[in-house]
Structure formats: C-alpha cells, structure tokens
Amino acid sequence: MSTAPAPAPAPVPAAEGPLPVVLAGARGHGRWHLENIRRLQAKGLVRLAGVCELTPLTAEELDGLGPVQQSADFAALLESTGAAAAVVCTPIPTHADLALTAAERGVHLLLEKPPAPSYAEFRRIADGVAAAGVACQIGFQSLGSHAIPAIRELVAEGAIGEPMGIGAAGAWARDEAYYRRAPWAGRRRLDGVDVIDGALTNPLAHAVATALALDGATRAEDVASVETELFRANAIESDDTSCVRVTTARGSTVAVAATLCAERPDEPYVLVHGTSGRITFWYKQDRVLIQRAGHGPSEVLYDRTDLLENLVDHLAGRADLLITPESTGAFMRVVEAIRQAPDPVALPPGAWRWGSPLPERSRELGGPPGESAPRRVVPGVDGLVAAAADTLSLYSELGASWALSEEVTAS
C-alpha cells in the first residue's frame, strides 16, 4: 500500500475568482453543506457550480445561489461545470467511488465523515487521491477547532500533570424516524456492501476522532488494539449503544462511550485525564473547561476553522490542509474493529423503554421541522456513558446488567 504524501496541488490563482464547487448530496445533512457554501459564496470564496441529487433541488432551495447545474450523474456534472472542488455528502457506501470519480478528473475533495465503511475502502480512497495529486479534506468539523492544539499544548506543558488517558462520552437521542430516513440507516450491510452506520462510526464519530486527535494518535499505525462492546435497543442491524477502548502504539488509552438512546440528551465531550487535573472539551461548542490542582476552574471558548474554507485556502497556497486521509487512519482502525466485531447484541425488552418524543426532529434527519416519532430509551445509560469516559472503562466493567454476559471483542 502507498503511504507517500500526495503531491502538493497547484495553487489556484486569486484572479480566477471564486472556486467552482459541486455538491454531491444536498439534502439531509447535505443541507448544512449547502448553507455553508452559500456563506462562503457570499464572501466571494466559492461558487456553487453544480448539485448532484437524485431529485433536483427546487428554486427555493437554491435561492440566491445563482445559476446552478443539476444532474444525478456526478462524473458528467464535474466535467460540464469545470468544478475545481467537490463536497461529497452521500451515503457512506458511495464515498469511495465518488471520491475517486472526482480525483480521476483532478477535482479536489471535501469528503464527509466517516470517509469509508471499511479500512480497505479507506485505503482505496487515500491511495487514489494521492496518486491523482488532489487535495482531500475529511469532514471531521470538530478537528478544525482551535481548542485541539491548545489542549495538546496544555498537556505537553504539564498543566494537568502526567497524562492518564482520554475518555469521550456521547449521550444523544434518535427516534425511529431517524432509522427510516434512508435504506442504509442503521445498517451494517446493505445488499452485501458494508455500511457500518453505528453510533460511534457515524453520528458520534466526532467523539472518536476528537479523542484520538487529542491523544496524538491519528495515523493507522498509532493504534495497537481496539476493544469493542456493541449493543442495540432499536430494531436495527447496527449499534445504537456502544463503547470502544483503544490502546495506542505508545501505550496510552482512549475510551469512547456512546448511545443514541439517552434519557436526557446532552452535549458530547472529550475528557483528558491527568495526575493533577482534567480538561473537558465540549467539541460541538468549542468549549474547554480546565480543572487542576492549585487553580480555580477555567473555561475558554475557542474559534474554529471551517473545513471547506480551509480547503480553499490550501488550494490558493495560503494554508496547510487540516484533515488529510492519513490523519484519519486511526479512526478508520476503530471503524474496522467495529466492522469485524460480532453483530451488536439486542438489549432485552426490560433494558429499554419507550421515551417521550423528541421536541423537534432536526432537519438534518431529512424530515420537516416539528415531526416526531417514538424513540427507545435505555434507563441509566446517560450515567453509564459518563462513567465510561470518567474511568476509561467498558460497559461490562461498569456492571451494566445487559453487558455482563457479553465477551469483549479485541482486535
């Protein structure tokens, strides 16, 4: 396999004007990318040249964006628009083929996370974009937070003593409509193709990637082993309540616990443990709390670099690319461990109950605002997720009755 860095893309002269961009997948979570492109277009940095969707966007959805070509044929759209970059926000199993379709045409990429459903597909992407000499930014928005280098510097300076490991906790809620939004939702495989749409590999993938980044374990070779515990309360194939523990090549520990069946959904966070303090990072908010011996608690809000804007700056020679494929290799080792683990264990009926509907479904789920649906709740799981991050433990080690009879899978 090739591990050589990709050739540096040629800078795009400023005289050429806004960077022409094609968006593949403009509904569901793709709406966020559409609005971000709208923001950057208003700044004169990009121009939405094309949208690739099975059903074309309406004039209302494209209001103010100027003339935009639309087609369900991604390759043809790239060629007809003369796109210099593409944002790919499509179902997980389609990422590799679309990314390589762009790379073969010299089109640079912002590829939504997770980059691929397997390590083999990830390598196909990484090697393909490297061979083509195009830039490929992986869409872990949390890794654009200025808090990450600041926290790593604090740890290196000994602000919390000797590092003792990193935990991460994500207690979210998703209703049954979330799993009906697309045929691949909640699936491990579809028509014989890997999907691996689980709690830690998709909705809370940022918790995994951010924890690994704070540890400095970002490349595939930085991971020595991964322990997994995968469960599901919902009637799906994949996991909705899961935890992993990564041992890195240098012996550090990163434990991440997540659920989509929380009683009281809250902001996910990463917790850096030290011998004389801790640092809590709420990565969606770019908010950091420092607690250490001999000091009062200190809270700081950080800025964040937008990943598409960073890609534009990189192509113009103004900035380094923030999140290359190689820098997400460790995350993909976790995805691969989850893919290779036994199928998630269904929680017994007594381990979950029906919860009150979410007050409003997020538009990123692809449904209209205000729509609600039943959801499954695992009593006590909020505290369990927090305890796992606090102690770097797996669910079975914390005494969860539904986890005690299951063997931990290590790879």
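This is a predicted model: local features need pLDDT of at least 70, side-chain atom pairs count only at pLDDT 80 or more; totals for chains, interfaces and linings use all residues.
Residues are numbered from 1 along each chain as its sequence is written, and side-chain values use heavy atoms, with hydrogens and water left out. Local features need pLDDT of at least 70 and side-chain atom pairs count only at pLDDT 80 or more, whereas totals for chains, interfaces and linings use all residues.

Helices H2 (residues 74-81) and H3 (residues 95-103) pack with their axes 10 Å apart, at an angle of about 25 degrees. H2 is therefore roughly parallel to H3 (angles under 35 degrees). Axes are lines fitted to C-alpha atoms over the stretch in contact, and angles run from 0 to 180 degrees between N-to-C directions; helices (H or I, at least four residues) and strands (E, at least two) are DSSP runs, numbered from the N terminus. Phe74, Ala75 and Leu78 of H2 make the contact with Leu98, Thr101 and Ala102 of H3 (heavy atoms within 4.5 Å).

Gln137 is located in strand E6 (residues 136-139). Its relative accessibility is 0%, so Gln137 counts as buried (under 20% relative accessible area, 1.4 Å probe, protein chains only). The side chain of Gln137 reaches the backbone oxygen of Leu307 at 2.9 Å, and a polar atom of the Gln137 side chain lies 3.3 Å from the backbone nitrogen of Leu322. Neighbours within four places in sequence left aside, Gln137 is in contact with Leu109, Leu110, Leu111, Leu307, Asn310, Leu311, Leu321, Leu322 and Ile323.

Definitions and conventions
Angles under 35 degrees count as roughly parallel, over 145 as roughly antiparallel, 65 to 115 as roughly perpendicular and the rest as oblique. Buried means under 20% relative accessible area, exposed over 50%, partly exposed in between (1.4 Å probe, protein chains only). A polar contact is a pair of N or O atoms within 3.5 Å; within protein, one must be able to donate a hydrogen and the other to accept it, and residues adjacent in sequence count only if both atoms are side-chain atoms.
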